[in-house]
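Could you walk me through this protein fold, one region at a time?

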Amino acid sequence: SQTVLKLNTGATIPAVGLGTWDSSDEEAYNSVIAALKTGYRHIDTAAMYRNEVPVGKAINESGVPRSEIFVTTKLWSTQHRNPEAALNASLERMGLDYVDLYLMHWPVALKTDAIKDGNFLTVPETFDGKRSVDLDDWDFVKTWELMQKLVQSGKVKAIGVSNFSINNLKDILKPELKFIVPAVNQIEIHPQLPQEELIEFCHSKGIVVEAYCPLGSSKSSLLSDPEISKIAEKYQAEPAQVLINWGIARGYCVLPKSSNPKRIESNFKTFTLSPEDTQAISAFHEKYGVHRYVDPNWGEFKAFV
Ligand code: A2P
């Protein structure tokens, strides 16, 4: 039986979910199948990952009842004016009637003329003066207002946000707006970016936090770090397992991405990290520095101001 957390909707969400960012079609399909076989019941994708088709196909072909799987997808930044149309397109690509969670991918609305090569999911790699792709007469507060209506349609069980700072959250939580409190804020978290303050703020509002890049992505050396390895030995665990269970000990969901069936299986093993070890890993950044692995081209806008 695996650890679950409770959303502000009353629904439960498995603490470990499979991340699918950066997987090719074949990898995405195979990893979702492998994860569901291993026992994962939480799969995270996004329109922007461009793998909703294989992810949905794997969910439908896995033999695991749909009702047992917690599925998340996300609204891409060029579609803020019409979240309903974007959601319908995602559901169609996935071959699903509903998702358990629909997230605003970034608190940033981009012009549709930022679309490259006719593909609405692709914006230019290097923005020519980043502000020129912002949608001028729009902000994410309006997007959130529109997303609320999706809950009544039954096509999403819960709505949430991603890459939101404390200030971004405060903007949609203004009492006079009477908006739905996001069920989730999905953010980058790993020992080089422990996000103490933001996590504490979310928890104080009943918002479940989800960690992406929990292993520091493929670009970090966290997995070969001697200190992490030493803690891992103590628990007869792998370094990756320590990083994943550090998140669970801190009370949030963890979304490790892997396309390797052995690692998918090993990442699913949960155990209780002691408060001392949890604290030691939380202090890691003091020695090693704070580092973000997500491309600042995406995050630089208004996302973290
Ligand atoms: P792979 O897909 O080949 O397993 P993050 O979730 O932090 O973005 O990290 C994902 C990266 O970490 C991917 O490159 C993934 O590669 C790798 N990875 C995932 N699980 C493990 C593991 N248990 N041990 C080592 N590397 C892992």
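This is a predicted model: local features need pLDDT of at least 70, side-chain atom pairs count only at pLDDT 80 or more; totals for chains, interfaces and linings use all residues.

## Around the ligand

The shell around the ligand is made up of six nonpolar, nine polar and three charged residues. Leu215, Ser218, Ala240, Lys257 and Ser258 come nearest among the 18 residues around the ligand.

## The protein as a whole

Let's step back for a moment. The protein has 12 helices and 10 strands. It has 305 residues, and 44% of them count as buried. Take the contacts between residues at least 6 apart in sequence: 76% of these join residues at least 24 apart.

In soluble globular proteins, nonpolar side chains tend to be buried together. Here, the largest nonpolar core holds 80 residues, and Val32, Tyr102, Val208, Ala211 and Val254 touch the most other members. Helix α1 (residues 25-38) gives the largest share of this core, seven residues.

Leaving aside residues up to four places away in sequence, Val32 touches Leu18, Ile43, Val55, Ala58 and Ile59.

Tyr102, another of the core residues with the most contacts to other members, sits in strand β6 (residues 101-104), which is covered on both faces. Leu101 and Leu103 are buried on one side of β6, and Tyr102 and Met104 are buried on the other. Strand β5 (residues 70-75) pairs with β6 in the parallel sense, over four bridges. Look for Lys74, whose bridge partner in β6 is Leu103.

## A helix with two sides

Which residues of helix α6 (residues 196-204) are buried? They are Leu198, Ile199 and Cys202. Looking down the axis of α6, you find its buried residues within an arc of 100°, so they line one face of the helix. Glu196, Glu197, Glu200 and Ser204, on the other side of α6, are exposed.

The cover over the buried residues of α6 includes α5 (166-173), β8 (184-188) and β9 (208-212). After α6 comes Gly206, with a positive phi near 75°.

## Ser259 and its surroundings

Now find Ser259 in the loop between β10 (253-254) and α9 (261-266). Is Ser259 buried or partly exposed? A residue needs 20 or more C-beta neighbours within 10 Å to be buried; Ser259 has 19 inside 10 Å, so it counts as partly exposed.

Not counting residues up to four places away in sequence, Ser259 touches Ser23, Glu27, Asn30 and Ser31.

## Two residues with positive phi

Most residues other than glycine have a negative phi. Arg50 is not a glycine, yet it has a positive phi of about 55°. Arg50 is found in the loop between β4 (42-44) and α2 (52-61). Because it has 18 C-beta neighbours inside 10 Å, Arg50 counts as partly exposed.

Asn163 is also a residue other than glycine with a positive phi, near 60°. You will find Asn163 in the loop between β7 (159-162) and α5. Asn163 has 23 C-beta neighbours inside 10 Å, so it counts as buried.

Key:
Residues are numbered from 1 along each chain as its sequence is written. A residue is near a molecule or strand if its C-beta atom, placed from the backbone, lies within 6 Å of it. Ala, Val, Leu, Ile, Met, Phe, Trp, Tyr, Cys and Pro count as nonpolar, Asp, Glu, Lys and Arg as charged, and the others, Gly among them, as polar. A residue is buried if 20 or more other C-beta atoms lie within 10 Å of its own, exposed if 12 or fewer, and partly exposed in between; C-beta atoms are placed from the backbone. The arc is that of the directions from the helix axis to the C-beta atoms. Two residues are in contact if their C-beta atoms, placed from the backbone, lie within 7 Å. A nonpolar core is a set of buried Ala, Val, Leu, Ile, Met, Phe, Trp, Tyr and Cys residues joined through C-beta atoms within 7 Å. Two strands pair if DSSP finds at least two bridges between them.
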